Amino acid sequence: MTLEWRHVIVHSADPAGLGQWWAEALGWVVVHSSADEFAIRPAPDRSPGLEFVRLDEPKKAKSRLHLDFVPDDQDAEVARLLAHGAQRVDIGQGEQPWVVLADPEGNEFCVLGRRGQ
């Protein structure tokens, strides 16, 4: 038996809006768009991707699943994402070598330091 990891599902009040935000933030391509779903991938034939699915219920607490990203330059990437509309958030992480941000709908994600740090 084999399994192929296809998507991480993100519930969203505005799948197309949030999905487009992430596509631009990551430099990924849109592979599907409808009124209730919006899917992006690193390349059209490369998985896994992110799929944004409509859920008309607001986010209520800290996300139980979040994405971590490793940039070449953490400071520059954090500045770029903040300029793109991300926000710094405090989820109780304290002083850490990573930066916790949230997308426009409040979903947390981390920008780590370079590998080996």
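Author: Residues are numbered from 1 along each chain as its sequence is written. In this predicted model, local features need pLDDT of at least 70, side-chain atom pairs count only at pLDDT 80 or more, totals for chains, interfaces and linings use all residues, and side-chain values use heavy atoms, with hydrogens and water left out.

Reader: What makes a space a pocket and not a cavity?

Author: On a 1 Å grid over the protein atoms alone, a cavity is a set of points where a 1.4 Å probe fits but cannot get out, whereas a pocket is an open set with protein on both sides within 12 Å along at least five of seven lines.

Reader: What volume does the largest pocket have, and which residues lie nearest its centre?

Author: The space is about 590 Å³, a volume being what is filled by probe spheres set on grid points joined across faces, edges and corners. Lining residues have an atom within 4 Å of a point; there are 26 here, with Val10, His11, Lys59, Ser63 and Asn107 nearest the centre. Among strands (DSSP runs of E, at least two residues, numbered from the N terminus), β1 gives the most, five residues.

Reader: How is the lining of the second largest pocket divided by class?

Author: Ala, Val, Leu, Ile, Met, Phe, Trp, Tyr, Cys and Pro count as nonpolar, Asp, Glu, Lys and Arg as charged, and the others, Gly among them, as polar. The lining therefore divides into nine nonpolar, two polar and one charged. Its residues include Trp5, Trp28, His66 and Asp68, and β5 supplies the largest share, three residues. This pocket has a volume of about 190 Å³.

How values were computed: Helices (H or I, at least four residues) and strands (E, at least two) are DSSP runs, numbered from the N terminus.
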